[in-house]
Amino acid sequence: METPVLKVTNLSKTIKKKEIIKDISFQLNKGEVLGFLGPNGAGKSTTLRMLVGLSRPSAGTISICGHGIGDDFVQAMSHVGCIIEGPDLYEYLSGYKNLELLGAMSPQVTRAAIDEAIALVGMEKRIHDKVSIYSMGMKQRIGLAQALIHQPDLLILDEPTNGLDPQGIHEFREIVKSLAKDTGISVLISSHLISEVQLMCDRVCIINQGIIVRDGAVTEMLSTGEIVWVLNNPYHGQKILSEQFQLDARITAQNELIAATDLEILPIINAALISSGLELKTVTTKNTTLEELFLSLTNQKTIQ
Amino acid sequence: MLNLIRNEVTKLLLKKKLILIIGLLIIFITLLSYGQQYTYEKNIDRFENLSGAGTYDWKSLASQRLNDLEKRLDSPYIPADGIASIEIEIKQLRYFIDNDINPITPSAAKFSVDFVEQGISLLIPLIIVILAADLVSGEFSTGTIKVLLTRAVPRWKILLSKLIALLLMTTLVVLIMGLLATLISYLFFGQWGFDEPVATGFRLIDGQLNADAVILVSRFEYTILIYSLTWYVAIVIAALTLLISIIVDNTVSAIGVLMAALIGGQFLQFFLSDWPIVKFFFVTNLDLTRYLTGSYQPIPGMSLNFSIITLGIWGLLALLLGFQIFSRKDVLV
Amino acid sequence: MIKKIWPLILIVSVALILVFVTGLIIAIAITNGGDKNPETLPNPAETIETEPVSAANSILVLGDSIGFGVGDEPDKGIGKRYAALIDPDNTITVANLSVSGAISADLAALVAAPENAAFISAADLVIISIGGNDLSRLQYQDALSLDVTFQETLNRYQESLEATISRIRALNPEAQIALIGLYNPYPDQDPQKSQKLFEWNYQTQLIAAADNKTAYIPTDEAFKYHLQTYLATDQFHPSSIGYQVIAETLDRILNGID
Ligand SMILES: Nc1ncnc2c1ncn2[C@@H]1O[C@H](COP(=O)(O)OP(=O)(O)O)[C@@H](O)[C@H]1O
Ligand SMILES: [Mg+2]
C-alpha cells in the first residue's frame, strides 16, 4: 500500500493546562480532498498548526509522505504548502516580490514555477502592485500561490474562504477544485461551513471540542440521510408512506415531506406516490443532511 | 543560506527603515553641526573681545607654548618618563602651527568622532533598536512568520539569516552615520582635518590614568578606531534587540522594553554608582569611546577590556537565549 | 533594484566588518599599552611607598615665571635651591612644569591635562607659584573699576587655584603642597594697591588653610625692605638671592630649624 500523504496518530495538544486537542488520529491519501469540519473553537487551526510544524504536539506523531514532522522537519515540509489563518503577506512588497522572496527559500523554485503559480491563481494582471492595495480575494490568491510555488504534494488550507465575498468564495473554490483534479495534489481544507466541505471534499472529518466525532466519505454520510419529496398534497403522501411502507414521515413548514429511507426502495415509493394520483414535483436526497448531522454531533457536546 | 540572508536584507531595505534612520541622522547631525559652528564663533568673538581690538591670535599662543615645551625638554629637570608625553604635545603643536590650523577649529573629522562619542550610549543604540526591533516581532504581528516557518528550512537557519542580515545592515548604518556626520559637518566647517595628529592610548594603572604609552595617530586612524568601538556597541545592541524582538512578538513592546532598559540603565548608573553590580550591566558599559580619550574619570574595575568582555557576554547570551526560544516557540498567531 | 545592489551591500558590509574588527583589536591593543608591558613600567604609587619618606624625593614645580626661575642663574630656581638646602647629596629629582606668563587658569588647565598626571602623582612636594600674572594684568581706569575688576580677578583666581589643588589631591593625596605668596615689586605704588596685594595673599592663605598638607609661604615681608638685592635686573622677578630667600623660607616653614 502507498504511504499516506498525511498520517496523524494520537495527536494531543495542551495549551496553558487546557487540553485543546484530545488524541485525534486521521490520515489523508494521495489525491484526496479532506474536509476538516468543525464549529469555531473546535481546534481546527490548532491541529493544522501542529501539522505544519508551527507548534509542537504535546503527544502523538505526524508524518508527511513518510517523513516525521518532528525528526525530519525539512523533508516533511518540502512536501507541504499551507495557508494557516492567512493569507500572510508583506504589505510593503508587491505580490510578485512576496512570491520571489518565498521562492528563494526553496532550491527547486524557478522563475517559471512562480509564473505558473501566478497564472494558476489568475493574478497575472495585478501581480506587480503593492499587496497593501489588494482586495482580500487577491491576497488569498497570492496566499494560494505562495503555498503552491514549490509544487507540494499536500496543500493545507485553514478556513481559506473566511473574509471573502461570495464571488471570491466561488472563484477560490473553483481554483482549488480544478487544482485537485488536474494535479492530483492532496488537499486538507478546514472549514466551519458545511456547504463548503460538501462542495469541495471527498471525505470529511468532523471535529468538535478537540475530538474527531466523525470521519468518512461525504457521499457515505449523506447516504444515511433522508429523502425530500415536494408534492401537491404532502399530507396524502405522508399517509401513503406510513400505510404502505411503515415510514415515519414529517412535513416541514415549506410543505416538504421528509422521511428516512433506503435509496434502493426509493423508485418503488415514488411509483406508489404517483400511482396514488399525487403530483410529484421533485425528489431529492436531503442536502442538509450533513448540516443536521453536524449539528446533532456538535450540539450534544457543547452542552456539557 | 545566502538566499535567505538576501531575503532578510531586502525586507529590511524595503521597509523604508533605512530612510527613516537616515532622515533622523541628517536632522541630528545638521542641528549639532550648526550648534558647534555657532559655539565656535561665539568663542572666537569672546577671545577677540578679551584680547582687545586685535584678532584672536592662537598662533602666537601656540608658538609660545611650543617654545616653552621645547625649553622644558632641554631642561635637566624633566624625568625620563615624562619626555614622551611632552614630545607628543610638541608634535601636535608643530602640526597645527606648520599647517596653520587653529587647534580649536571644528573640523569634519573631529565632529564625526564627537558625534558618536556623544551618541554611543543612547542615540546610536536607539537607532539600532529602530532598525532591529521588528525583525522577528514584526513577522509575528503580520503573521508572515507562519509563511517563513512552514518552508523546508529549519528554524535556526531562519533566525541565523535574520541575524546575519541585521549584522550587515548594522554595519552599513554605522558607515552611513560616519559618512553623514563627516559630509554634513564639512558643509558647516569647511575643514576635513583628517590628518591632524591625535593623542590616544591612555591606560589605567592602579586606578590612575597613565600617559606613558600614549601614541600619536592621524585623525583618520583615530576616527576608524572610534567607529570600530561604535560598531561593536551597535552589534551588541542589535543582538539584544533581536532577543527582545523574539520574546515579545510585538514591535511596540520591543521598542518600549529596550528604551526602558537603555534609559533606566542610565538612571541606575547615576543613582547606584556605588553598587558594584551596576558595572556589569550592559548600559553602563556602552560608552567605549571614552577609554580612548585621556579625559575620562576612571571607575574602579572598569577598562576597555572589561567593557568589551561584559558587552560581548551580554550579546552572546542574548543570541544563545534568542536561538533557544525561537526554535522552541509555538507560533500561535 | 535590490538584486542589483545586493552584491554591493554584501561586499561593502563584509569589508567594513573586517575593518571594524581590526579597529577593535587595535583599540584594545592601544589601551593595553601596545608592546609595552605595564608590569615593567615604573609604578607611581609604589614609588611613594618604597622609598624613604623622611624628606621629599621628588619635587614638582608648577606655575609661572617665578616657578620657572626667571631672573635666577640657569638651572636653579626655588625647587633646585630648596633641594640643595635639604639634601646636599643631590639625590632629589626636581621636575619643573612652570610656564612663563601663566595665570591661575592656565595652571588649572595644565594640571588637568592627562599628560601631566604622571608628574603630579609621582611628586612628594609640589611647589606652586601662581597669581602674579593674574594680578599684574589687571586693567582699570579708575579706583572704582579697579575694585570691580580686582574682585572679579580674585574670584577667578580662587576658583582656579582650588581646582588646581583638588586635581592634585585627586591624583596624589599624600604630596605636600607649597603655595608661594606674592611680594610687591613696586614699592612706590599707591597704598591702595598694596592693600590689594595683601588681600590677595590673604585669600591664598585661606585656600592653603583648607588643606592639611598645603602650606602658604609668605614672601612679602621678606622682600619689602630688600627689593634692591632681592629683585633681578628686570626689577620684577627675584634675583638669585631672592630665590634663595624664598627657598630658605620654604625650608623653615616645612622643616623648621634644627
Ligand atoms: N493561544 C491559546 N491559548 C489558549 N487557548 C487557545 C489558544 N489558541 C487557541 N486556544 C483555544 O483552543 C481552542 C481551539 O482553537 P482553534 O484551533 O483556533 O479553533 P478553530 O480554528 O477550530 O476555530 C479554542 O477553544 C481556543 O479558545
Ligand atoms: Mg481557526
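Good morning. In what follows, Ala, Val, Leu, Ile, Met, Phe, Trp, Tyr, Cys and Pro count as nonpolar, Asp, Glu, Lys and Arg count as charged, and the others, Gly among them, count as polar. By that scheme, the shell of residues around ligand 1 holds five nonpolar, five polar and three charged members.

Two remarks on conventions are in order. This is a predicted model, in which local features need pLDDT of at least 70 and side-chain atom pairs count only at pLDDT 80 or more, while totals for chains, interfaces and linings use all residues. Residues are numbered from 1 along each chain as its sequence is written, chains are lettered from A and ligands numbered from 1 in the order in which they are written, and side-chain values use heavy atoms, with hydrogens and water left out.

Let me begin with the ligand. Ligand 1 lies between chains A and B. A residue is taken as near the ligand if one of its heavy atoms lies within 4 Å of it. Of the 13 residues around ligand 1, those that come nearest are Gly41(A), Gly43(A), Lys44(A), Ser45(A) and Thr46(A). Helices (H or I, at least four residues) and strands (E, at least two) are DSSP runs, numbered from the N terminus. In chain A, strand S2 (18-28) and helix H1 (44-51) each supply at least two residues of this shell. Which element gives the most to the shell around ligand 1? That element is H1(A), with three residues.

Next, the polar contacts, each a pair of N or O atoms within 3.5 Å; within protein, one must be able to donate a hydrogen and the other to accept it, and residues adjacent in sequence count only if both atoms are side-chain atoms. A polar side-chain atom of Thr46(A) is 2.5 Å from an oxygen atom of ligand 1. The backbone takes part as well: a backbone N or O atom of Lys44(A) lies 2.8 Å from a ligand oxygen, and a polar backbone atom of Ala42(A) lies 3.2 Å from an oxygen atom of ligand 1. On its own, ligand 1 has 560 Å² of accessible area, and the protein covers 69% of that. Such areas come from the Shrake-Rupley method with a 1.4 Å probe; for residues, only the protein chains shown count as cover.

I turn to chain A as a whole. An automatic or database domain assignment divides chain A into domain 1 (6-216) and domain 2 (221-290). Taken over C-alpha atoms, the centres of these domains are 40 Å apart.

Chain B has 12 helices and four strands. Buried means under 20% relative accessible area, exposed over 50%, and partly exposed in between (1.4 Å probe, protein chains only). Of the 333 residues of chain B, 54% count as buried. Its accessible surface comes to about 14,100 Å², and carbon and sulfur atoms hold 66% of this.

Chain C has 12 helices and five strands, and 49% of its 258 residues count as buried.

Is Asn172(C) buried or exposed? Asn172(C) counts as buried, because its relative accessibility is 2%. Asn172(C) sits in the loop between helix H8 (143-171) and strand S4 (176-180), and its side chain reaches the backbone oxygen of Ile120(C) at 3.0 Å.

Pro74(C), in the loop between helix H3 (65-68) and helix H4 (78-86), counts as exposed because its relative accessibility is 73%. Pro74(C) and Ser240(C) are 166 residues apart in sequence, yet 9.9 Å apart in space, C-alpha to C-alpha.

Thank you.
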